[in-house]
Amino acid sequence: MIQEADIGVGISGVEGMQAVMASDFSVAQFRFLERLLVVHGHWCYKRIAQMICYFFYKNIAFGLTLFYFEAFTGFSGQSVYDDWYMLFNVVLTSLPVISLGVLEQDVSSEVCLEFPAIYQQGPRNLFFDWYRILGWMGNGLLASLIIFFLNIVIFYNQAFRIGGQTADMTALGTTMFTCIIWSLNIQIALTMSHFTWIQHATIWGSIVTWYLFLAVYGALSPDISGNAYQILVEALAPAPMYWTTTLLVAITCNLPYMAHIAYQRCLEPMDHHIIQEIKYYRKDVEDQHMWNREQSKGRQKTKIGFTARVEAKIRLLQSKMHKKQ
Amino acid sequence: MLVSIVFIPIGVVSLFASRDVVEIIDQYETECVPQNFRNDKVSFIQSNANKTCTRRLTVTKLMKKPIYVYYQLDNFYQNHRRYVKSRSDSQLKDNSGWDEVSSCKPEDMSNGQPIVPCGLIAWSLFNDTYNFSLNNQQLAVNKKGISWKSDRDRKFGRNVFPRNFQNGTLIGGKSLDPTVPLSKQEDLIVWMRTAALPTFRKLYGKIEWDLQPNEVIHVTLENNYNTYSFSGKKKLVLSTTSWLGGKNDFLGIAYLTVGGLCFFLALSFTVVYLVKPRRLGDPSYLSWNRNPGGH
């Protein structure tokens, strides 16, 4: 039975370890099952859903800029970014996602235990339906378009510094990559609800590490760094256009997501949004009665058996009545 | 709202900076071919005919020095992968690497000897020249300091001299003086920084003289470079710069657009908030309260 189920949970005990060896999760006592399901199950679902969606977003936003550039190079396969940047892309944009996937908590564990109804977000598949997946992919597509075309048109063919120098491919590629790093990291900062020092370190640390990497890579001999020699220190950092472009692109890429989340939180908030607000404004402490009432409402009784069927029928009729009203 | 407050002033400032820049662009590749050769420009450019051409540029607004002279090429794919690969950085850096030409094919060897500097990028060096005069007085063009300092100091060696260059059957562009080391060949250094887009400008020199409005500059140019085989365009550009760079209104306009959009969004969300307020933390929005009797 454990093997046949979607997720099998075994309890190790006096009957031996056979159930444990056959199961996906094992616990030591039966009472741990509640925590496993309602707290970790809920968090796990949210984390995996958000991580996968963000991963799609991140790779689409980065990869499509390479494809757009091909249209400008006669489809010869020239990359607009230096090879080493793409290696560092793995590190600099993936560490924040890992911290999202491992440490994210939309509501705290006490709330999960008090409101088992939050767990229903999982079985109802609210966070990994096609609407959400395609939405994130569309966000990635939009981000790649914004990053690429804003950079191309801003650095078109005129000088980009007061000294009259024009931008070569390395300067354009470095600026574009800087915009990507900023946009992606701000996006994940907007997505996360739970911030510990690890999340701050990975997000802002990634951005700082990018600049450090550019400085160090640029300081290596031109045999290794090629055209990127001194690119940050000499060419880009003194140019106001570099910094203004980065600011513009980073904010513009995140505008659609911000508008969407603002709309959702204002007009169609989801359960965890409300609970986050209650917790933030300490309304659970002020209005203990409301908090307890919501907790009991958030529990549904048994789902099987005669009583459950009767209650389900009553709920159905009630909802029909409400709709008519 | 904060974003719009920050962005709109930046946009205005950038737009004003771009508007301050004065630019004169002159496209000359068709005009500088004599009438009788207009039907077959490729044979003209490959022949030994006289390629001198005179152009007149009128200054529209006051241009303060330094005025930067660029040549602009259209439809020239300096960003093609095979082209970008075709160079040897170790050869350019130091004399000891003079025979490391493997990455430079097909422009690696000529008459059995390695070419210095090898590769397609160096081979296709732009070779039109421009001479400017104002009221019959020569305007000096400063051709020093047009490349990046790091290129001059570290990438192009002081002990590397051109040899065996443009010695083959096909001449792609300018020849180089074999007595001048590469670190001083600034036209080559500027050219070898491959551009990102098929339409690009490269710095030719600087004019250290103010130009008053309505002055007419006479340009005597040598139309040597063959862009006719691939329908490329050649333009001569004179431009001043501002603190932001050359003339490009787009940054300012983009900032204003994004700032305006943010302002509009802030306004509409404020209106929605006033019309249909939602008390934060209001439990009546929880899903089991909104759909009583079933989720």
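For sorting residues by class, Ala, Val, Leu, Ile, Met, Phe, Trp, Tyr, Cys and Pro count as nonpolar, Asp, Glu, Lys and Arg as charged, and the others, Gly among them, as polar. This is a predicted model, where local features need pLDDT of at least 70, side-chain atom pairs count only at pLDDT 80 or more, and totals for chains, interfaces and linings use all residues. Residues are numbered from 1 along each chain as its sequence is written, chains are lettered from A in the order in which they are written, and side-chain values use heavy atoms, with hydrogens and water left out.

On a 1 Å grid over the protein atoms alone, a cavity is a set of points where a 1.4 Å probe fits but cannot get out, while a pocket is an open set with protein on both sides within 12 Å along at least five of seven lines; lining residues have an atom within 4 Å of a point. Points are joined across faces, edges and corners, and a volume is the space filled by probe spheres set on them. Helices (H or I, at least four residues) and strands (E, at least two) are DSSP runs, numbered from the N terminus.

The whole structure has four cavities of 30 Å³ or more.

| Space | Volume | Lining | Classes in the lining |
|---|---|---|---|
| Largest cavity | about 240 Å³ | 23 residues | 12 nonpolar, six polar, five charged |
| Largest pocket | about 1,300 Å³ | 46 residues | 28 nonpolar, 12 polar, six charged |

Both chains reach the cavity: nearest its centre lie Thr166(A), Ala167(A), Asp168(A), Arg193(B) and Lys202(B).

For the largest pocket, the residues nearest the centre are Leu190(A), Tyr257(A), Met258(A), Ile261(A) and Ala262(A). α10(A) gives the most to its lining, 14 residues. Elements supplying at least two include α2 (32–72) and α6 (169–191) of chain A, along with α8 (250–275) of chain B.

Now for the interface. Counting contact as heavy atoms within 4.5 Å, 66 residues of chain B touch 72 residues of chain A. The two chains bury about 6,100 Å² between them, 62% of it on carbon and sulfur atoms; that is accessible area (1.4 Å probe) lost on being put together, summed over both.

A salt bridge here is a side-chain nitrogen of Lys or Arg within 4 Å of a carboxyl oxygen of Asp or Glu. The rule finds one across the interface. Asp168(A) and Arg193(B) meet in a salt bridge at 3.0 Å, N to O, and both residues are also among those nearest the centre of the largest cavity.

Over all chains the count is 14 salt bridges. One of them pairs Lys46(A) with Asp106(A), with the closest N and O atoms 2.2 Å apart. Lys46(A) sits in helix α2 of chain A and Asp106(A) in the loop between α3 (83–103) and α4 (109–114), so the pair ties together parts 60 residues apart in sequence.

The peptide bond from Lys65(B) to Pro66(B) is cis, with omega near -10°, and Pro66(B) is in the loop between β2 (52–58) and β3. Val116(B) and Pro117(B) are joined by a cis peptide bond too, with omega about -10°. Asn111(B), although not a glycine, has a positive phi of about 55°.
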